[in-house]
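Please read the points below with the sequence and the model at hand.

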Amino acid sequence: MGLLSRLTRKVTPQKKATDDVLLLHAMMLMCGADGSFDDEEVDTVRAYFSAVPEFHGKDFNEVYDEATKIVGRYSNLAESAKALAELSTEALKHKAFLMAADIAMSSGDVDENEDRMLDAMQRVMEVPDDIATKVIEVLTIKY
């Protein structure tokens, strides 16, 4: 964080992130949870970006740039998961959870960091246990 950001952060209102940016942020959080960006996970993010209605007509790089700005508001990547509470609807929170879980499981091996990140996302977005369980059950069949 630069000098200007530190000095103006408390007096300059932060622009609220849009749902598309938050959805991409959720997926990128999961990609980076294990400390690396696996090619298969990034391919899954790009596939979602081309298929999910919230991204229709949007440029991946522009939305990605906005999503990375969210991380700058927090002390670290994991802490930035708190921003997901800003998603505008319960349905979008469930969708973000599903997409994040899909990315975690796409690599074939969910590690402890990814598991903790998914748990944190569930809490922040208030995804009910029954929905989270159903998502994991379906993705287990998929993978």
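Which residues does T44 touch, not counting residues up to four places away in sequence? The second point gives the reply, after some remarks on the model.

1. **Basis and confidence.** This is a predicted model, in which local features need pLDDT of at least 70, side-chain atom pairs count only at pLDDT 80 or more, and totals for chains, interfaces and linings use all residues. Residues are numbered from 1 along each chain as its sequence is written, and side-chain values use heavy atoms, with hydrogens and water left out. The pLDDT is the predictor's confidence in each residue, from 0 to 100. The chain averages 89, and 90% of the residues score at least 70. Confidence is lowest in helix α1 (residues 3-8), with a mean of 55, and highest in α7, at 97. Helices here are DSSP runs (H or I, at least four residues), numbered from the N terminus.

2. **T44.** This residue belongs to helix α3. T44 touches I103 and S106, leaving out residues up to four places away in sequence; contact means heavy atoms within 4.5 Å. With a relative accessible area of 16%, T44 is buried. The classes are buried (under 20% relative accessible area), exposed (over 50%) and partly exposed (in between), with a 1.4 Å probe and protein chains only.

3. **The largest nonpolar core.** A nonpolar core is a set of buried Ala, Val, Leu, Ile, Met, Phe, Trp, Tyr and Cys residues joined through side-chain atoms within 4.5 Å. The largest one has 42 residues, of which L24, M27, M30, V45, F55, M121 and M125 touch the most other members. At least two residues of this core come from each of α2 (19-32), α3 (39-51), α4 (60-72), α5 (90-106), α6 (112-125) and α7 (129-142). The largest share, ten residues, is supplied by α2. As for M125, its contacts include L84, L87, K93, A96 and F97, not counting residues up to four places away in sequence.

4. **Helix α4.** The 13 residues of α4 should span 18 Å at 1.5 Å a residue, and its end C-alpha atoms are 19 Å apart, which agrees. The expected span is 1.5 Å times one less than the number of residues in the helix. F60, V63, A67 and I70 are buried in α4. They cover an arc of only 75 degrees around the axis, which puts them on the same side of α4; the arc is that of the directions from the helix axis to the C-beta atoms. An α-helix has 3.6 residues a turn, so residues three or four places apart point the same way. On the other side of α4, E62 and K69 are exposed. The cover over the buried residues of α4 includes α2 and α3. At the start of α4, a side-chain oxygen of D59 comes to within 3.2 Å of the backbone nitrogen of N61.

5. **Helix α7.** With 14 residues, α7 reaches 20 Å from its first C-alpha to its last, close to the 20 Å expected at 1.5 Å a residue. A132, V135 and L139 are buried in α7. Seen down the axis of α7, its buried residues fall within an arc of 60 degrees, so they line one face of the helix. D129, D130, K134 and I141 are exposed on the other side of α7. Both α5 and α6 are among what covers the buried residues of α7.

6. Q122 lies in helix α6 and is buried, with a relative accessible area of 13%. Leaving aside neighbours within four places in sequence, Q122 is in contact with F97, V127, P128, D129 and A132. R116 also lies in helix α6, but R116 counts as partly exposed at 46% relative accessibility. The side chain of R116 makes a polar contact with the side chain of N113 (2.4 Å). A polar contact is a pair of N or O atoms within 3.5 Å; within protein, one must be able to donate a hydrogen and the other to accept it, and residues adjacent in sequence count only if both atoms are side-chain atoms.

7. **Loop residues.** E126 lies in the loop between α6 and α7 and counts as exposed at 62% relative accessibility. Although E126 is not a glycine, its phi is positive, at about 55 degrees. Most residues other than glycine have a negative phi. D38 is placed in the loop between α2 and α3 and is partly exposed, with a relative accessible area of 30%.
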